[in-house]
Amino acid sequence: MTTGTDVVTTAEPEVTGRRGRPRLSEGARAERRLGWLLCSPAVIVMLAVAAFPIIYAVWLSLQRYDLRFPQLAHFVGLSNYGAVLSSSYWWHALIVTLIITVVSVAVEFVLGMMLALLMYRTIFARGTIRTIILIPYGIVTVAAAYGWQYAWTPHIGYLVGGNSAPLTSQGSAIAIIILAEIWKTTPFMALLLMAGLSLVPEDVLQAARVDGATAWQRFYRVTLPLMKPAILVALLFRTLDAFRVFDNIYILTAGGNGTYSVSILGYDNLFRALNLGIGSAISILIFICVAIIAFIFIRLFGAAAPGTEG
Amino acid sequence: MAATTRQKSGWITANVVVILLVLIPVVWIFSLSFKDPSSITDPTYFPTKWTWANYKGIFNSSEFTRPLLNSIGIGLIATFISVVLASLAAYAVARLAFPGKRALIGLSLLIAMFPLISLATPLFNIERQLGIFNTWIGLIIPYIAFGLPLGIYTLSAFFREIPWELEKAAKMDGATPFQAFVRVIAPLAAPGMVTTAILVFLFCWNEFLLAITLTSTIAARTAPAALAFFTGSSQFAVPTGSISAAAVVITIPIIIFVLLFQRRIVAGLTSGAVKG
């Protein structure tokens with residue numbers, strides 16, 4: 001950039017020099033101040049809405065606090081955590097959440113990769129496909145969830161015959177929740193993977209083809225390794241997102257018949273049982289789970305957190 | 001490389017399959033919303049008796065119109081503030097050298113990954129004490145905060161691509177700093193900001209968990225939350241038709257956005273991710 005400017009301004013190079021050089025340290029300091037100044041509103045809002053409440057939640061989780069009797073709130077140490085961790089509801093919710101997360105992310109990855117390859121390579125209607133798949137991404141989860149709910153409701157839905165009611169038994173209800181998640185978020189996965197595909201140089205693939213690699217070998221040995229950063233980012237985003245699953249379950253089953261996730265459990269404790277202490281303890285435990293997942297991805301798989309090069 | 005007929009038909013089949021898988025559930029909601037209440041219980045995919053009654057019903061009731069207004073208002077205000085604040089921060093991230101840049105990116109990454117339920121409990125209590133529970137402000141503030149990470153990411157990726165030398169060149173040609181910004185930089189930055197605004201608006205429009213936990217009446221409840229609280233005309237009537245019609249109404253803006261801004265949305269979604 002500097003050299004470019006120098007070339008343009010050869011008519012008066014000494015001016016740039018005089019103006020630029022002596023100011024450097026002062027300029028650097030001014031730049032620093034400006035940087036902080038520009039970032040401060042964003043930082044303040046994010047800290048106020050996220051950091052402060054999470055600390056407050058830790059404090060709440062250490063109290064016995066029933067919303068119906070707020071004046072009786074008192075400090076109880078870690079006993080709320082003991083209550084949650086020794087409760088079968090928590091472990092059940094955690095297992096359901098993990099099943100939904102693992103199955104939906106795994107299926108989304110495979111389908112998303114196929115969709116990404118389709119969007120990237122198709123010779124027909126590329127724009128149409130890219131437009132169409134944004135509909136599930138953009139559609140309000142609640143609206144789509146009602147669509148799925150009615151589709152599987154006996155006597156209303158086109159997907160269900162006779163008197164079977166798949167949303168009322170645990171296994172099939174969880175399968176439908178996973179289906180709704182997959183339908184909604186595969187496009188997002190596919191778009192991130194497609195961006196990764198564009199990082200694979202065409203000539204490398206061409207070279208592999210000349211060397212006699214089959215289509216599968218080219219994909220598995222060349223494309224996949226080169227896409228690794230994009231894949232890890234996509235998986236990390238979607239895993240954390242899937243772990244928070246709430247909207248689909250709330251609409252489809254409201255957590256009934258053993259289909260509740262950790263988020264639903266937290267919600268129920270707060271707004272049905274009105275137990276702020278237990279609700280906060282669950283919130284903090286979910287936060288810790290999310291942190292562990294992120295940590296595993298970043299440390300074990302070496303997923304570069306997006307944007308960190310800056 | 002000319003495509004063979006077999007390849008052609010393969011691509012066409014794959015495309016058609018994807019389009020059908022996407023559209024069948026969406027068209028289903030549309031078709032439910034046009035079903036006459038008397039025929040809602042016959043499980044055909046398309047309506048046998050068409051009616052506008054469901055739409056007339058929801059638009060005659062403040063149970064839906066008010067939340068729709070809330071959604072639009074809260075979404076627009078939160079998006080505007082979020083994009084302005086994110087632009088300032090993203091400009092700094094993309095253009096300036098200052099210590100703490102990594103911390104800022106780390107913080108926004110952390111917030112982007114935050115489980116919303118972890119915040120629902122404390123925010124619920126804080127907002128009740130501050131008296132902003134069940135108000136627009138009570139939703140706008142958290143939406144700004146969660147729009148910011150998305151905004152900072154997307155915008156700093158866009159801002160990095162802007163040829164900033166042009167600003168200098170414009171000044172060389174005698175433009176004031178203000179003119180250089182308005183005439184040269186702003187037009188280059190606008191597409192990124194529009195893209196970011198769309199993504200943040202979609203987030204606000206879609207958000208459900210905070211919308212049901214931080215509101216208690218239709219005074220501030222947004223449309224997705226209102227949907228979950230729809231009741232039938234009697235205790236035994238399931239409001240299937242009304243809910244489907246309302247679901248269609250809140251889906252239409254999304255479809256319009258997608259049709260108009262397909263390229264931008266794709267660019268915005270992928271801009272932050274590839275850099276990693």
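Among contacts in chain A between residues at least 6 apart in sequence, 68% link residues at least 24 apart, where two residues are in contact if their C-beta atoms, placed from the backbone, lie within 7 Å. For chain B, the corresponding share of contacts between residues at least 6 apart that join residues at least 24 apart is 74%. The structure is a predicted model, in which local features need pLDDT of at least 70 and side-chain atom pairs count only at pLDDT 80 or more, while totals for chains, interfaces and linings use all residues. Residues are numbered from 1 along each chain as its sequence is written, and chains are lettered from A and ligands numbered from 1 in the order in which they are written.

The predictor's confidence in each residue is given by pLDDT, on a scale from 0 to 100. Chain A has a mean pLDDT of 84, with 89% of its residues at 70 or more. Residues 1–21 of chain A stay under 50, and the model has 10 contacts beyond four places in sequence for them. The pLDDT is also below 50 over residues 306–310 of chain A, a stretch with 18 contacts beyond near neighbours in sequence.

Next comes the overall make-up of the two chains. Chain A holds 14 helices and 2 strands; here helices (H or I, at least four residues) and strands (E, at least two) are DSSP runs, numbered from the N terminus. Chain B has 11 helices and 0 strands, and its C-alpha atoms fill a box of roughly 75 × 70 × 35 Å along the principal axes. Of the 310 residues in chain A, 41% are buried, and of the 276 residues in chain B, 46% are buried. A residue is called buried if 20 or more other C-beta atoms lie within 10 Å of its own, exposed if 12 or fewer, and partly exposed in between, with C-beta atoms placed from the backbone.

How do the two chains meet? In the model, 90 residues of chain A are in contact with 93 residues of chain B. Helix α3 (residues 24–61) of chain A gives the most to the side of chain A that touches chain B, namely 19 residues. That side of chain A is made up of 64 nonpolar, 20 polar and 6 charged residues. In this count, Ala, Val, Leu, Ile, Met, Phe, Trp, Tyr, Cys and Pro are nonpolar, Asp, Glu, Lys and Arg are charged, and the others, Gly among them, are polar.

The largest nonpolar core has 162 residues, and A:L193, A:L252, B:A89 and B:A145 touch the most other members. Such a core is a set of buried Ala, Val, Leu, Ile, Met, Phe, Trp, Tyr and Cys residues joined through C-beta atoms within 7 Å. Helix α9 (residues 170–197) of chain A supplies the largest share of this core, 16 residues. Leaving aside neighbours within four places in sequence, the contacts of A:L252 include A:W148, A:L167, A:I176 and A:A180.

Helix α4 (residues 101–112) of chain B has 12 residues and reaches 17 Å from its first C-alpha to its last, close to the 16 Å expected at 1.5 Å a residue; the expected span is 1.5 Å times one less than the number of residues. The buried residues in α4(B) are B:K101, B:L104, B:I105, B:L107, B:S108 and B:I111. Seen down the axis of α4(B), these buried residues fall within an arc of 160 degrees, so they line one face of the helix. The arc is that of the directions from the helix axis to the C-beta atoms. An α-helix has 3.6 residues a turn, so residues three or four places apart point the same way.

Some individual residues also deserve a look. B:F133 lies in the loop between α5 (116–130) and α6 (136–161) of chain B, and B:F133 is partly exposed because 19 other C-beta atoms lie within 10 Å. B:F133 and B:L214 are 81 residues apart in sequence, yet 5.9 Å apart in space, C-alpha to C-alpha. In chain A, A:H155 has a positive phi of about 70 degrees although it is not a glycine. This residue, A:H155, sits in the loop between α8 (141–151) and α9 of chain A and counts as exposed, with 12 C-beta neighbours inside 10 Å. A:L274, also not a glycine, has a positive phi of about 55 degrees and is found in the loop between α13 (262–271) and α14 (276–300) of chain A.
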